[in-house]
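Reader: Hey, can you walk me through this one? I'd like to ask things as I go.

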Amino acid sequence: MTANNQSPHRRWNPLRQSWVLVSPHRTQRPWQGEIGQKTTPSGVSYDPECYLCPGNHRAGGSVNPTYEGVFDFVNDYAALMPDPVVPDPVESPSNLIRSKPARGLCKVLCYHPDHSLTLARMTRKEIRPVVDAWAAQYEELAAIDWIQYVQIFENRGAMMGASNPHPHGQIWSTGFIPDEPAAETKAQKEHLALTGCCLLCEYLAAEEAVAADTSQSRIIFENEHFIALVPYWAVWPFEVMLLSRRHAGAMPQFSSDERDALADALKRLTTRFDNLFETSFPHTMGFHQSPTDNAKHEEWHFHAHFYPPLLRSATVRKFMVGFEMLGMPQRDITAESAAQRLRDASEQHFWPRA
């Protein structure tokens with residue numbers, strides 16, 4: 001399969017053990033669907049109406065401290081609770097109709113007091129404390145005996161459902177392993193048992209071998225400790241996976257140099273995203289790390305997923321509907337062409353800070 005092949009084909013996702021349909025010829029179809037709005041970074045460093053700015057009242061009534069760095073708190077409107085009220089059991093006519101209590105602890109992490117910033121417009125020096133905070137939160141939450149998984153993520157932009165533009169992310173820790181990391185755990189564990197090799201270490205080596213032919217390379221950039229690439233099986237148009245070179249399961253295992261490199265990679269990738277269409281690029285980003293269920297997880301290899309919805313421009317996005325919902329995921333542009341466009345994007349942000 002060559003990078004410029006315009007014929008429909010399927011690609012295998014070994015992490016999810018599922019297929020994605022690729023239809024490159026569909027990029028030629030005319031677009032008369034929904035057109036969104038182009039967004040630019042906020043020019044306001046402090047918003048008195050923002051629930052996350054320093055010193056402001058949050059929606060739940062608490063008052064934020066006048067923080068000067070990172071700041072975390074328990075989500076005022078958490079999707080999960082540490083001690084939920086368990087309803088009385090109701091007799092079900094079938095095992096197909098069942099439920100279980102869902103226990104968890106949801107936190108918010110503000111990256112910076114400046115309301116106008118994003119990871120793309122923060123400096124590497126400003127991002128590094130965020131990396132340290134993520135690692136510390138993972139350790140702190142993993143130490144709670146009933147927590148089995150810590151999901152660190154960010155929804156960036158109104159298009160992704162972010163309720164507040166202030167630079168922040170979320171940390172949901174759960175008393176169960178959610179479906180996506182559970183599927184990745186299964187795939188990585190089976191691959192290790194079958195081959196004796198880490199799935200993502202092997203995949204990374206394959207991508208580096210392919211990169212010798214630049215026309216087929218899916219690698220966007222790399223530094224000493226991390227590689228950013230468009231995965232072969234990407235679903236979203238400009239989906240990116242960020243992988244650690246070293247086989248490590250979670251952020252607390254990273255050295256100081258590796259944490260600096262992670263900050264560098266986050267800065268470079270998010271800047272390229274913004275520059276692609278000269279907009280504040282919407283996306284969901286999250287780190288997949290070892291479960292915290294007290295089991296050994298030698299199979300786990302740290303990585304981050306970036307799922308941006310934009311397709312053709314700053315105003316046209318990909319919709320997961322129709323065949324994608326009823327059949328299987330489908331994408332139009334190839335992973336190789338997406339990687340080339342991201343490689344061509346500048347690492348100097350189009351909207352410099354004042």
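Reader: Phe 273 and Phe 306, are they buried or exposed?

Author: Both Phe 273 and Phe 306 are buried. Buried means under 20% relative accessible area, exposed over 50%, and partly exposed in between, using a 1.4 Å probe and protein chains only. Before we go on: this is a predicted model, where local features need pLDDT of at least 70, side-chain atom pairs count only at pLDDT 80 or more, and totals for chains, interfaces and linings use all residues. Residues are numbered from 1 along each chain as its sequence is written, and side-chain values use heavy atoms, with hydrogens and water left out.

Reader: Which side chain does Asp 264 make a polar contact with?

Author: That of Asn 223, at 3.0 Å. A polar contact is a pair of N or O atoms within 3.5 Å; within protein, one must be able to donate a hydrogen and the other to accept it, and residues adjacent in sequence count only if both atoms are side-chain atoms. Leaving aside neighbours within four places in sequence, Asp 264 is in contact (heavy atoms within 4.5 Å) with Arg 124 and Asn 223.

Reader: And Arg 268, what does that one touch?

Author: Not counting residues up to four places away in sequence, Arg 268 touches Arg 124, Phe 221, Glu 222, Asn 223 and Glu 347. The side chains of Arg 268 and Glu 347 are joined by a polar contact of 2.9 Å.

Reader: Got it. Why does Glu 258 count as buried?

Author: Because its relative accessibility is 6%. Glu 258 lies in α4, and its contacts, leaving aside neighbours within four places in sequence, are His 225, Phe 226, Arg 246 and Gln 253.

Reader: Switching topic: at what angle do α4 and α6 pack?

Author: About 95°, with their axes 8 Å apart; α6 is the helix of residues 335-344. Axes are lines fitted to C-alpha atoms, for helices over the stretch in contact, and angles run from 0 to 180 degrees between N-to-C directions. The two helices are therefore roughly perpendicular. Angles under 35 degrees count as roughly parallel, over 145 as roughly antiparallel, 65 to 115 as roughly perpendicular and the rest as oblique.

Reader: Which residues meet there?

Author: Arg 272, Phe 273, Leu 276 and Phe 277 in α4 meet Arg 341, Leu 342, Arg 343 and Asp 344 in α6.

Reader: Back to the rings. How many aromatic pairs are there?

Author: Searching the whole structure gives 16 aromatic pairs. Rings of Phe, Tyr and Trp (its six-membered ring) pair if their centres lie within 6.5 Å; planes under 30 degrees apart count as stacked, over 60 as edge-to-face and the rest as tilted. Take Phe 153 and Trp 172: their centres are 5.6 Å apart and their planes at 80°, so that pair is edge-to-face.

Reader: Where do Phe 153 and Trp 172 lie?

Author: Phe 153 lies in strand β5 (residues 149-156) and Trp 172 in strand β6 (residues 168-174), so the pair ties together parts that are 19 residues apart in sequence. Phe 153 is buried at 14% relative accessible area, while Trp 172 is partly exposed at 29%.

Definitions and conventions: Helices (H or I, at least four residues) and strands (E, at least two) are DSSP runs, numbered from the N terminus.
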